[in-house]
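Subject: Structure for your review

Dear colleague,

Please find below the structure that I am handing over to you. My notes on it follow directly after.

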Amino acid sequence: MVRSWRRRNWIWLVAGTEDGVWAARQLLALSVPVRVQVVSPGACRAYGPLTANPAFQCQAMALTPGDVHRVLAGPTPPTLVVDATHPFALRITRTLHAACSASAIPYLRLQRPQLEPGAATVVDRLEAVQDLGPSSLLTAVGSRSLARLVGWHGPQRTAARILPTATALQQALAAGLPPERIAPLQPVSTSHGEIHLPSDPGTSLEAALCRHWAVDVVLARQSGGTPERHWHRVCAALGVSLWLLLRPEEPGGMAGCTRETLSRRVQECLQNPRP
């Protein structure tokens with residue numbers, strides 16, 4: 001641990017990659033040490049050149065409530081917690097918010113914008129896609145839901161884009177999907193925080209998957225991030241129906257910020273630290 005971590009002021013950024021890499025850069029520009037917490041070592045690699053900064057640290061581990069408590073109650077607790085986790089990761093958001101409230105440590109929730117649904121069908125629960133008839137479905141909502149989706153549509157009418165992890169692949173195979181209908185790929189988002197998407201969505205890997213599996217319906221999440229934007233473009237280019245799982249409502253009473261207001265809100269917190 002470098003000397004800067006012995007100071008009182010440091011920020012704990014709990015994040016993924018798309019919002020996390022961007023937020024880490026903004027926070028480091030304020031000349032305050034930043035520790036980012038991600039789920040996997042692969043996510044740490046997305047932070048690329050930032051890892052050479054002595055004021056930056058990346059830790060990979062799925063947090064439990066006990067882990068959060070140990071960080072906030074430690075001998076050098078963070079001055080501020082910035083929550084830039086995925087909008088669907090409500091469990092960790094609730095844990096962080098409650099723990100910060102109990103510890104009197106300022107908490108900021110980085111909120112993604114809500115995209116217009118356009119031609120997409122927004123559904124509030126997974127069961128809404130049970131009755132798609134003979135349609136061929138490509139799901140990009142994670143591997144935990146695959147058992148139900150395959151049960152409803154069958155292994156030959158369901159295909160999945162999943163994370164390239166052993167757990168996700170095990171869950172996809174256990175759900176009954178044949179290997180040739182599984183695409184273990186990183187989400188469409190960033191390389192070291194930079195977004196790289198083809199100007200023509202019809203030439204993208206996602207479009208190729210839709211053609212390969214003769215997909216009629218894509219099921220994705222209303223995440224407000226690059227993957228959702230990309231699926232809108234791909235489905236429009238191919239004439240494929242896009243169904244989106246409604247973004248869950250976040251807990252009330254949280255101090256929130258946007259990309260436009262993050263730096264200002266953080267500076268306010270740092271100028272008025274907890275007693």
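A search of the whole structure finds one disulfide, a term used here for a pair of cysteine sulfur atoms within 2.5 Å. A disulfide is a covalent bond between the sulfur atoms of two cysteines. The partners in this model are Cys 44 and Cys 58, with an S to S distance of 2.1 Å. The link of Cys 44 and Cys 58 is left-handed, with -95° about the S-S bond. Cys 44 belongs to helix α2 (residues 41-45) and Cys 58 to strand β3 (residues 56-60), so the bond ties together parts that are 14 residues apart in sequence. Helices (H or I, at least four residues) and strands (E, at least two) are DSSP runs, numbered from the N terminus.

Please note that this is a predicted model, in which local features need pLDDT of at least 70 and side-chain atom pairs count only at pLDDT 80 or more, while totals for chains, interfaces and linings use all residues. Residues are numbered from 1 along each chain as its sequence is written, and side-chain values use heavy atoms, with hydrogens and water left out.

As to accessibility, buried means under 20% relative accessible area, exposed over 50%, and partly exposed in between (1.4 Å probe, protein chains only). Cys 44 is buried at 15%, whereas Cys 58 is partly exposed at 21%.

The next topic is the nonpolar cores (sets of buried Ala, Val, Leu, Ile, Met, Phe, Trp, Tyr and Cys residues joined through side-chain atoms within 4.5 Å). The largest has 28 residues, and Leu 13, Leu 27 and Tyr 47 are among those with the most contacts inside it. Helix α1 gives the most to this core, with five residues. Apart from this core lies another, of 17 residues, including Val 215 and Trp 231.

A charge sits over a ring if NZ of Lys or CZ of Arg is within 6 Å of the ring centre and within 35 degrees of the ring normal. Arg 221 is placed in this way over Phe 88, 5.3 Å from the ring centre, and Arg 259 over Trp 22, 4.5 Å from the ring centre.

Yours sincerely
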